[in-house]
Structure formats: structure tokens, C-alpha cells
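Please look over the sequence and the structure shown below before reading on. The paragraphs that follow lead through the fold step by step.

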Amino acid sequence: MICPKCREESMQTVEYENSKVQIDRCDICDGVWLDGNEMDQILGKYSPQYVSTLYGDASKRLCPHCRKNMFIIKYPDTYAEVEMCCSCKGIWLDAFEMEEICMVRKHKY
Ligand SMILES: [Zn+2]
Ligand SMILES: [Zn+2]
């Protein structure tokens, strides 16, 4: 799969920290791609109810599946600005944003 940031075939499928959820991680920039409900599976009861209502500006990066521009959203209750595809609801996270979101949300709830 092509990394939205590096634009290279650098994405590898990996299991996220013994969660049994397979995510795609870029070998070059360490960013991660999560399909539609994968973030909810990883966060479980800590996942926010409505992420899709928070669309912000259009991003220059393209969804690796749909090849459409993604939108920048602020992930609920975190400082992370992530990118989401309106069509497939996949999410792109830069390096460390994944850890930040998991840490902040689990601490808060
Ligand atoms: Zn990359
Ligand atoms: Zn998409």
C-alpha cells in the first residue's frame, strides 16, 4: 500500500501491540493507516462516539484506498490532528499520534 505522506510503497501490515488488530505502518515515516473501524477496535470502550462530525480543512494527502483528498480532524479529547477519508472512514496518523490518542483517551475515561 502507498503511504499518504511518503508516496512510496512503504506500508507494511502489522499487529498493533497485541491488540489482534492489523494496521498498516509506514517503514519510512512510522505513520499508521487505520481502516474504518480499526481505531474503535483498538480503543474499545475508550473510543469516541462521533468522530465523523468533526471534519475540518481538506488535506493535501490522498486516501491510499480511494485516492481522494482526506480531511483534517482533531481527534476527540486529544491534541492529535489526524486525517480521515470521508468515503471509507479510514484514518491516517503521523508517527506518535497513535500512542498519544491511546494514552490520552485511556487516561481520561
Ligand atoms: Zn510514510
Ligand atoms: Zn478512503
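Against which strands do the buried residues of helix 2 pack? In this predicted model, the buried residues of helix 2 pack against strand 3, which covers residues 32-34, against strand 6, residues 81-84, and against strand 7, residues 91-93. That answer ties the helix to the sheet, and the account below takes up the sheet, then the helix, then the core, and finally some loop residues.

The sheet is an open one formed by seven strands, and read across it their order is 1-2-3-7-6-5-4, with antiparallel pairing. The edges are held by strand 1, residues 11-15, and strand 4, residues 55-62; each of these has a single partner strand, so one side of each is left without a neighbour in the sheet. From one strand to the next, the twist averages 35 degrees. As a general point, the strands of a sheet pair through backbone hydrogen bonds, and they may do so in a parallel or an antiparallel way.

Two of the strand pairs can be followed in detail. Strand 1 is joined to strand 2, residues 22-26, by five bridges, and the two run antiparallel; within this pairing, Val-14 has Ile-23 of strand 2 as its bridge partner. Strand 4 and strand 5 also pair in the antiparallel sense, over three bridges, and here Leu-62 has Asn-69 of strand 5 as its bridge partner. Strand 4 and strand 5 make a hairpin with six residues between the strands, and in this hairpin Arg-67 takes a positive phi near 60 degrees.

Helix 2 can be checked by its length. It runs over residues 97-108, and at 1.5 Å a residue its twelve residues should span 16 Å; the C-alpha atoms at its ends are 16 Å apart, which agrees. Three residues of helix 2, namely Glu-97, Met-98 and Ile-101, are buried. Seen down the axis of helix 2, the buried residues fall within an arc of 105 degrees, so they line one face of the helix. The face turned away from this buried side carries Met-103, Lys-106 and His-107, which are exposed.

Glu-97 counts as buried because it has 20 C-beta neighbours inside 10 Å, and 20 is the number at which a residue is called buried. When residues up to four places away in sequence are not counted, Glu-97 touches Ala-80 and Val-82. Glu-97 and Cys-85 are twelve residues apart along the chain, and their C-alpha atoms are separated by 17 Å. His-107, by comparison, is exposed, with 9 other C-beta atoms within 10 Å. His-107 and Ala-58 lie 49 residues apart in sequence and 30 Å apart in space, taken from C-alpha to C-alpha.

Which residues have the most contacts inside the largest nonpolar core? That core has 20 residues, and those with the most contacts inside it are Val-82 and Ile-91. The elements that give two or more residues to this core are strand 2, strand 3, strand 5 (residues 69-74), strand 6, strand 7 and helix 2. Leaving aside its neighbours within four places in sequence, Val-82 is in contact with Ile-73, Tyr-75, Ile-91, Trp-92, Leu-93 and Glu-97. In soluble globular proteins generally, nonpolar side chains tend to be buried together.

Most residues other than glycine have a negative phi. Arg-67, which lies in the loop between strand 4 and strand 5, has a phi near 60 degrees, a positive value in a residue other than glycine. Phe-96, in the loop between strand 7 and helix 2, likewise has a positive phi, of about 80 degrees, although it is not a glycine. Arg-67 is exposed, with 10 other C-beta atoms within 10 Å, and Phe-96 is exposed, with 11 other C-beta atoms within 10 Å. Glu-17 belongs to the loop between strand 1 and strand 2, and Glu-17 is exposed, with 12 other C-beta atoms within 10 Å. Finally, Glu-17 and Arg-67 are 50 residues apart along the chain, and their C-alpha atoms are separated by 28 Å.

Methods:
Residues numbered from 1 in each chain as written. Chains lettered and ligands numbered in written order. Predicted model: local features only at pLDDT ≥ 70, side-chain atom pairs only at ≥ 80, totals over all residues. Helix = DSSP H or I, 4+ residues; strand = E, 2+ residues; numbered from the N terminus. Expected span 1.5 Å × (residues − 1). Arc of directions from axis to C-beta. Contact = placed C-beta atoms within 7 Å. Pairing = 2+ DSSP bridges. Axes fitted to C-alpha atoms, helices over the stretch in contact; angles between N-to-C directions. Core = buried A, V, L, I, M, F, W, Y, C linked by C-beta atoms within 7 Å.
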